[in-house]
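Thanks for coming. I will go through some side-chain details, starting with charged pairs.

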Amino acid sequence: MEVEAFENPLRAGIRLQRAAEPCIAVIFGASGDLAKRKLVPALYSLARQNLLGPGFTVLGTARSAMSDEEFRKVMRSAVEEFVEEGVGDERQWESFASGLFYTATDTAAPDSYEALGDRLKKLDGERGAGGNRLIYLSTPPSQYSPIVKCLRAHNLHRSENGGWIRIIVEKPFGRDLDSARALNRELLEVFSEDQIYRIDHYLGKETVQNIMVLRFANMILEPLWNRNYIDHVQITAAESIGVENRGGYYETSGAFRDMIQNHMLQLLALVAMEPPWSMDAGAVRDEKAKVIRAARDFTAETARQGSVRGQYGPGSIGGRPVPGYRQEKDVNPESQTETFAAARFYIDNWRWADVPFYLRSGKRLPKRVTEIAIGFREAPHQLFRLSTGAPSTVDPNMLVMRIQPEEGISLKFAAKLPGQSIQIRPVSMDFQYGTSFGKKSPEAYERLLLDAMLGDSTLYARGDFVEEAWALVMPILHAWEANEVPLASYESGTWGPHEADALMGEGRRWRRP
Amino acid sequence: MSTETAAGIDVGKIEHDLRQLWIDMAAAKEGASDSPGVLRACVQNLIVYAPGEELGSALAGVLAEISAQHPSRIFLILPRGEDQETQATVSAVCHVTAGRKQVCCEQIAIEAGPGELARISSVIEPLLVSDLPVVLWWRSDIPFGDREFGRLIRRADRVILDSSKLPAEEGSFGQLVGLVEAVQRWTAFTDLSWSALTPWRQLLSGFFDVPMFRPRMELLDEVKLEVSAPAGAPMPVEAKLVAGWLATRLGWKRQSDMVRDGNVVRLELAGRTHPVRMQIELKPDGVEGKARLTAVRLLASTDPGSEFAVTRSAGGKHLVTSATLGGSKQCGTVAQFDGLDEGRMVGRELEILEHDLVYETTLQFFRT
């Protein structure tokens with residue numbers, strides 16, 4: 001349901017950021033990790049910036065029983081731990097906490113949803129939320145379908161007094177194409193597409209949003225942004241940590257499902273998309289969907305040749321010895337789960353024909369870094385010579401967009417070393433967020449939650465993109481499941497298996513971030 | 001590094017000193033493996049006119065705080081008497097980032113007598129960093145009509161001033177309106193008194209984001225502002241700006257001048273469908289110091305028992321909102337009123353690159 005936008009004349013102007021209408025944020029899985037680490041801290045930060053209207057309410061729910069007071073205590077501890085400034089001002093915390101409530105629900109106990117409905121109605125009346133609901137499924141994916149069915153069965157998927165209802169679901173959106181389609185189908189039986197917000201927290205990162213600004217607010221880059229000038233694109237999402245205490249979950253996922261199928265394909269789409277005609281959600285998401293549709297399908301052969309999987313063995317990180325994946329807690333000692341994945345994609349359209357996009361992600365790599373590196377083509381004719389008379393080897397230009405840490409952009413180009421002869425060295429022109437803008441970027445969840453309350457889905461994944469992304473990668477997953485691509489081992493603290501270098505082919509190499 | 005000359009300010013020497021500054025800093029870091037490298041950063045030129053200040057005063061801390069957010073080439077103009085020496089001193093303003101990088105920018109402090117000040121823009125012009133915005137922060141009374149002030153304003157992309165520093169006499173606001181209008185095409189203005197009202201405006205506008213409250217906006221016909229002020233104080237600029245903002249945003253036209261009757265100032269306006277009364281009450285608090293806005297109340301006489309109010313807490317550290325509909329109290333909020341220090345406030349203002357059209361329209365309300 002399209003919500004009619006009201007233009008509040010008092011809110012006009014550059015200083016007054018758009019604030020959300022009052023609503024009740026119903027958090028399923030409120031006793032879980034995500035609610036404590038990210039959701040409630042983000043909501044409190046928004047409240048402190050006066051971006052949540054009077055009457056903003058959180059109704060947490062989970063299977064365990066808890067009183068409102070107990071819930072407030074738990075959330076206070078969470079805010080103290082996960083918000084940099086902690087609770088800060090006491091009065092402000094009390095004002096926010098007076099809007100926190102809890103009720104237990106269980107999909108196996110229909111009465112609990114009856115009680116949930118009664119509580120929502122009561123809170124609406126007391127708090128003036130106008131029937132607006134933001135439903136957040138912060139639960140294991142296996143719970144999405146039962147919860148949504150219960151909401152429908154108790155008419156909680158509709159607002160009684162004309163408010164809006166939106167539902168946020170966390171990744172993973174399915175385990176494969178069939179399950180992603182099934183999940184979408186189940187959600188769409190109850191909610192319309194424009195009510196569904198599939199969260200990908202990478203899209204909330206400041207530097208990811210900056211990709212569009214860099215490309216579409218600057219004239220100089222767009223003429224070069226194509227196959228005539230770009231040799232290849234490489235996207236890296238590296239972590240130095242292992243699976244820590246998430247071994248149980250990771251065994252069901254692996255690096256490819258955890259990172260490449262969702263976050264990294266979103267980054268690829270942002271790099272490869274055509275300029276949208278407007279910045280509204282529909283226009284931007286249309287262009288991203290076109291990229292995925294234009295991606296070259298994998299055959300059994302190209303899936304084998306164009307992908308690499310690896311698993312970390314023992315090694316050292318930052319001078320400390322670390323165990324291998326199979327020695328980690330809750331991991332099968334004979335596990336075949338990949339902790340490193342790399343693949344080569346092509347986008348078959350006029351802009352990108354024959355330009356490979358290399359994506360890699362892994363755990364226990366030497367450092368934590370996420371970056372997009374655009375490798376330009378070499379100069380067509382090498383004018384400069386070494387003292388031996390041989391042509392000078394000049395590294396091609398590279399534009400690097402660093403997503404985390406030390407967000408920024410750098411351009412590598414060739415410059416002459418001062419001196420009598422012409423000696424060429426690569427130099428880097430840097431822009432770093434941290435040094436140019438001393439202000440701290442907002443947390444991704446703050447931006448994403450506010451956008452959902454404002455009805456802006458630009459930074460959320462659309463259903464068609466999710467399904468197309470799954471369809472694209474299924475041949476790779478099938479090849480891996482059939483063991484057609486060997487699981488290569490790599491030492492912790494290195495940049496992954498050697499096979500990933502071979503993926504690049506002749507004349508190209510992975511950038512050392 | 002100091003450049004002293006009896007004949008005025010030596011721009012060439014300043015340029016040399018700027019170059020030498022970075023060479024010396026790099027040399028100092030060479031071989032020191034445990035210390036962070038030095039990064040030079042600059043996103044703007046910041047000209048600060050600061051009479052009554054000294055090098056190394058509290059202003060230095062303010063500029064350091066601003067530089068941490070917006071690394072700038074800073075031109076610090078320190079007016080001096082005729083008999084005092086003119087000199088320009090080049091130094092680095094540095095901070096260490098969370099990533100242990102030392103980020104530095106340049107400061108050129110110019111202590112100048114009236115003669116040099118009359119030509120100060122010609123000293124600054126060649127030293128401005130190309131392609132970066134120029135911000136002029138005028139920390140003093142506004143010298144309407146002064147030629148050099150006019151030159152500096154015309155070079156600036158943004159001017160930061162404080163309308164609370166306007167002279168108390170009638171007409172000074174009108175002069176400010178005239179100034180803004182005259183240079184609007186190329187210069188944007190930041191008024192720190194207006195910026196300080198952002199939390200008030202945020203909370204007042206927030207009432208009408210609530211669907212239940214929206215219909216009341218059209219019914220509003222009375223506005224009461226309360227100001228805590230020392231006895232005999234003039235009407236504070238904050239109250240004028242809030243009054244002007246509400247009127248211009250809600251389409252209310254002035255029907256009378258502001259009329260003062262003791263401690264109450266009244267203003268009659270015409271709304272779209274009905275008259276609107278505005279009242280600013282000064283409540284002497286016996287305390288020396290600046291007048292402070294303490295409450296804004298919006299009422300509708302045709303909707304008795306309904307009021308939207310933002311009030312400042314007794315300790316001054318919070319703004320409390322309350323909405324009452326038909327005598328029944330609705331949900332309110334408490335916002336921390338952090339009373340930003342100067343460095344943070346100016347730092348926040350420097351994030352704004354465009355004209356503040358709402359401010360410029362608000363000023364128009366006071367055009368005579």
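Glu468(A) lies in helix 14 (residues 463–481) and Arg293(A) in helix 10 (residues 281–294) of chain A, so the pair ties together parts 175 residues apart in sequence. Helices are DSSP runs of H or I, at least four residues, and strands are runs of E, at least two, numbered from the N terminus.

Before going on, this is a predicted model: local features need pLDDT of at least 70, side-chain atom pairs count only at pLDDT 80 or more, and totals for chains, interfaces and linings use all residues. Residues are numbered from 1 along each chain as written, chains are lettered from A and ligands numbered from 1 in written order, and side-chain values use heavy atoms, without hydrogens and water.

Glu468(A) and Arg293(A) also belong to a salt-bridge network with Asp286(A), Arg462(A) and Asp464(A). Glu468(A) is partly exposed at 29% relative accessible area, and Arg293(A) is partly exposed at 46%. Buried means under 20%, exposed over 50%, and partly exposed in between, with a 1.4 Å probe and protein chains only.

Another pair is Glu222(A) with Arg215(A), at 3.6 Å, N to O. Arg215(A) counts as buried, at 1% relative accessibility.

In chain B, Leu152(B) sits in helix 5 (residues 147–155) and is buried at 3%.

Conventions:
A salt bridge is a side-chain nitrogen of Lys or Arg within 4 Å of a carboxyl oxygen of Asp or Glu.
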